[in-house]
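Dear colleague,

I am passing on the structure below, and I would be glad if you could read it alongside the notes that follow.

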Amino acid sequence: MSSTSQNPPGGYAPPPGGAPPATGAPSNPATPGAAQAQAPYPPPAGGPPPGQQPYSVYPPPGAYAAGPQGSYYPPPGSYYPPPPGQYPQYPGYYPPPPPPGQYAAYPPPPGQYPPPAGQYPPPAATGQYPPPAGQYPPPAGAQGAPGTPGAPGAPAGAGQYAPPPGPPPAPYAHAPPPPGGAPSPYQVPGAPSPYPYAPPGGAPYYAQGPPAAQHLPQDPLVYLGTAIPNPDAPHAPLGVQKVPGWDPAHDYNTLARAISADGVGDDKKFGFVMLTLIDPLMVMKTVLNILIPLNVFQMDALSDYCLAKTGISLAERLQRSTSGNFGTAIQALALGPLGFDVHLAKKAIVGLGTDETLLIELMLGRQAFEIRWLKTAYRLRYGKDLVDAVKSDLSGVTMEMFGMVLAAQKPVNPYMPVQQHDLEVKNDVKKLHEAVKRKSKGWEVSFFEVFINRSDSHLSAVREYKSLSKLIKKEASGTIREGLLYILHGVKSKRDGRGYWRDGKLLEKSMAGLGTKDTQLIYRLVRAHWDALRMEAVKDAYQRRYKKSLESRVKGETSGLYRDLLVALVKGPAGPKY
């Protein structure tokens with residue numbers, strides 16, 4: 001009996017002429033009677049929204065009981081949408097979630113759990129894994145292939161529910177799939193979560209979405225010429241030795257006895273607490289003697305220990321207990337090389353006006369991986385994107401220059417030195433001179449492309465082929481002129497090709513004239529001292545240029561323990577205790 005002669009049990013009559021065949025069904029089936037007996041109802045009028053897969057057909061006869069006009073009831077015990085924790089399975093999520101309160105055995109038997117990322121076993125006889133990312137469409141007959149049960153556009157089989165009108169709900173839409181392998185909609189008990197914070201149940205949660213990675217997996221953990229701790233690593237709790245063979249408890253206890261958050265110390269005698277005012281001089285000497293000998297990793301471990309004990313970091317604790325130029329310099333040490341640069345980047349763009357000189361020294365001429373570490377640490381510290389923060393504070397060609405720097409496209413130096421006669425060098429020289437000759441709007445961008453997106457050895461060859469310093473001084477001005485000259489002098493092979501001569505000149509500029517520019521002197525000395533070999537090279541360049549030692553120059557411009565601190569930075573790790 002055809003489907004047009006009698007209504008399905010409990011269903012509605014199809015339109016005149018019979019129901020159309022299901023999507024992908026042949027127009028002339030071999031057994032017309034069987035095909036018509038299974039003919040489903042047509043999809044709702046209006047069609048799917050743009051970009052959505054075609055609707056699957058209505059459920060087969062008998063799948064739903066008759067309900068009020070315009071609706072269907074699901075069979076007893078079935079609901080849509082499903083109760084919480086019982087979301088349906090969608091292509092790409094393997095294996096299906098277990099029943100509520102039950103978890104699969106761990107580890108699961110072979111063949112019953114997704115393999116490691118990028119390793120799929122041979123397809124089984126009864127089914128196949130979905131293809132790796134980037135391979136579409138899947139092989140014919142594979143799970144999720146067009147035309148197979150459950151695939152978009154395929155008719156619903158017996159006992160299956162077709163998707164409702166509208167786009168299908170994304171499983172666990174509140175969280176992205178775990179990185180590094182086939183996504184799974186549940187977390188195996190005892191397995192470490194791939195997310196930093198997860199509420200009960202294992203579902204990852206982010207207040208404003210997952211943190212975007214600002215660095216690449218292959219980026220070396222090096223910053224300002226020294227190895228650094230991983231900024232993505234969590235803070236070490238009490239009882240965990242972060243630096244093998246070194247316990248920060250002794251140094252912390254010494255600091256705690258010398259300083260406190262409210263400026264007083266506790267001397268316990270005869271069962272009562274006697275409040276005594278702290279001697280600021282003794283506090284500064286204690287802090288100086290403890291922090292100067294520490295390397296980057298020990299400073300980081302001490303800060304974590306302080307955070308675990310008191311809830312505030314070492315730099316914050318020192319900010320409450322020290323002041324003036326000494327306090328500024330000692331806090332810079334406590335932040336470490338990367339943390340201090342993050343602090344300086346925020347300082348350069350906060351408030352009225354922008355400190356372009358500080359931004360130039362922080363970002364221009366830096367290796368691409370260092371820029372990426374700076375962006376990563378800035379987001380971790382302030383929860384904002386450094387690129388957006390800088391661009392919102394600048395405009396015009398200045399914004400374009402720093403935007404290109406923060407894109408971090410500077411290549412590393414090639415193994416073989418770049419020669420002046422290389423074709424790429426000649427092309428860049430020609431591009432720069434043509435840009436200046438035309439002097440059309442945006443001519444500076446041609447300089448940015450060469451100065452920012454070329455390796456140091458390439459730029460050095462460009463400079464030697466045709467002198468660019470005079471050209472920049474003549475044609476550029478303001479921040480653009482300062483930034484281009486800063487990059488160019490960093491690769492000036494006539495001096496050293498590493499920027500030692502330039503950095504020595506900037507240190508002298510901090511102390512020349514009436515009054516010392518202490519802010520610049522502090523951040524230039526602190527940032528230089530992390531790389532001991534570079535610091536020695538800068539001191540040598542300073543001596544040759546100004547015929548005096550950098551140490552004696554700093555002594556003459558500063559005084560007190562502030563002077564002792566800066567001199568210790570100049571001397572290096574072997575500096576004396578005070």
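The domain bounds used here come from an automatic or database domain assignment. Domain 2 (325–409) and domain 3 (411–494) both contribute residues to the lining of the largest cavity, so this cavity lies between them. The model is predicted, so to speak of local features a pLDDT of at least 70 is needed, side-chain atom pairs count only at pLDDT 80 or more, and totals for chains, interfaces and linings use all residues. Residues are numbered from 1 along each chain as its sequence is written, and side-chain values use heavy atoms, with hydrogens and water left out.

A cavity is a set of points on a 1 Å grid over the protein atoms alone where a 1.4 Å probe fits but cannot get out, and lining residues have an atom within 4 Å of a point; points are joined across faces, edges and corners, and a volume is the space filled by probe spheres set on them. There are four cavities of 30 Å³ or more, and the largest holds about 100 Å³. Its lining has 14 residues, of which Gly365, Arg366, Val405, Lys410 and Ile452 are the closest to its centre.

Best regards

Definitions and conventions. 1 Å grid on protein atoms, 1.4 Å probe; cavity = no way out; pocket = protein on both sides within 12 Å on 5 of 7 lines; lining within 4 Å.
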